[in-house]
Amino acid sequence: MADSNEIKPVLTNLTNAETKQAINALKPKSVEVAPKVEKPIEVVKPTPVAKEVKPMAEVKDPRGMFDYTGCEQYTVQDGETLFDVAQKYKVALQQLRYFNHVPKDTMRVKPRQTLYIPKEPVLVPVGE
């Protein structure tokens with residue numbers, strides 16, 4: 001048995017035009033929404049600050065073998081060895097030695113001696 005609160009559809013004889021009209025009335029209306037227009041993001045580029053570029057002084061090796069221009073300079077401190085400097089700058093010991101003409105047999109550097117740190121690997125000839 002059907003519940004008395006249940007709504008029963010009422011069937012009536014409608015014409016085709018009336019049926020179409022009733023169906024169209026039940027269809028959800030489509031609402032046209034204007035596309036959301038976002039303002040373009042303005043990209044602000046920082047104004048570059050002009051750095052004063054000083055011409056790099058050419059520094060030549062006294063023996064004429066190397067060009068020390070642009071190399072970092074390091075002044076040896078009391079108690080430091082060539083090995084300490086090589087480790088500090090992550091440079092091969094033999095390359096640092098050869099680049100700065102430190103004698104192979106002693107490998108000694110003096111306090112306050114200026115060492116040049118090579119910017120690129122240095123080819124050390126066999127026996128040098």
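**A guide to the fold and its aromatic pairs**

Of the 128 residues of the chain, 20% count as buried, that is, under 20% relative accessible area, with exposed meaning over 50% and partly exposed in between (1.4 Å probe, protein chains only). The model is predicted: local features need pLDDT of at least 70, side-chain atom pairs count only at pLDDT 80 or more, and totals for chains, interfaces and linings use all residues. Residues are numbered from 1 along each chain as its sequence is written, and side-chain values use heavy atoms, with hydrogens and water left out.

The chain has three helices and two strands, in the sequence pattern α-β-α-α-β. These elements are DSSP runs numbered from the N terminus (helices H or I, at least four residues; strands E, at least two).

In helix α2 (residues 82–89), the buried residues are Leu-82, Val-85 and Ala-86. Seen down the axis of α2, they fall within an arc of 100°, so they line one face of the helix; the arc is that of the directions from the helix axis to the C-beta atoms. The buried residues of α2 pack against β1 (72–75), α3 (93–99) and β2 (114–117), where contact means heavy atoms within 4.5 Å.

Aromatic rings of Phe, Tyr and Trp (its six-membered ring) pair if their centres lie within 6.5 Å; planes under 30 degrees apart count as stacked, over 60 as edge-to-face and the rest as tilted. By this rule there are five aromatic pairs. The rings of Tyr-68 and Phe-99 have their centres 5.0 Å apart and their planes at 65°, so this pair is edge-to-face. Both Tyr-68 and Phe-99 are buried.
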